[in-house]
Amino acid sequence: AGMKLDPLTFVAWQAPCSLVPLAVAALFTSSHQVFLDFKANLPLLLLNATLAFMLNLAIATTLKHLSAVAFVIIGLIKDI
């Protein structure tokens, strides 16, 4: 089935793959005001990034212990 990654390694590989296209798009579509707002709200953005990282780590850990189908079923039950 190929190489298996532990949850932290998976998140470390997945995060840059998301960051690069988003950063390129931001450079071409954002105005100067967006960067000023980013600087003003940096503490909140760092907190949000930390929570997103922990959520991705929790999801990767859950997927490691459960099958993908079980994870989808849990998500569907949660939405009901």
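**Helix packing around α3**

Helix α1 (residues 7-29) packs against α3 at an angle of about 130 degrees, and their axes are 9 Å apart. Axes here are lines fitted to C-alpha atoms, for helices over the stretch in contact, with angles from 0 to 180 degrees between N-to-C directions. Helices are DSSP runs of H or I, at least four residues, numbered from the N terminus.

This is a predicted model, so local features need pLDDT of at least 70, side-chain atom pairs count only at pLDDT 80 or more, and totals for chains, interfaces and linings use all residues. Residues are numbered from 1 along each chain as its sequence is written, and side-chain values use heavy atoms, leaving out hydrogens and water.

In α1, Pro-7, Leu-8, Phe-10, Val-11 and Gln-14 meet α3 residues, including Phe-53 and Leu-57. Contact means heavy atoms within 4.5 Å.

Now α2. Helix α2 (residues 32-40) and α3 cross at roughly 75 degrees, and their axes come within 5 Å. The two are therefore roughly perpendicular. Phe-38, Lys-39 and Ala-40 of α2 make the contact with Leu-42, Pro-43 and Leu-45 of α3.

Leu-47 also lies in helix α3, which spans residues 42-65.

Note on methods. Angles under 35 degrees count as roughly parallel, over 145 as roughly antiparallel, 65 to 115 as roughly perpendicular and the rest as oblique.
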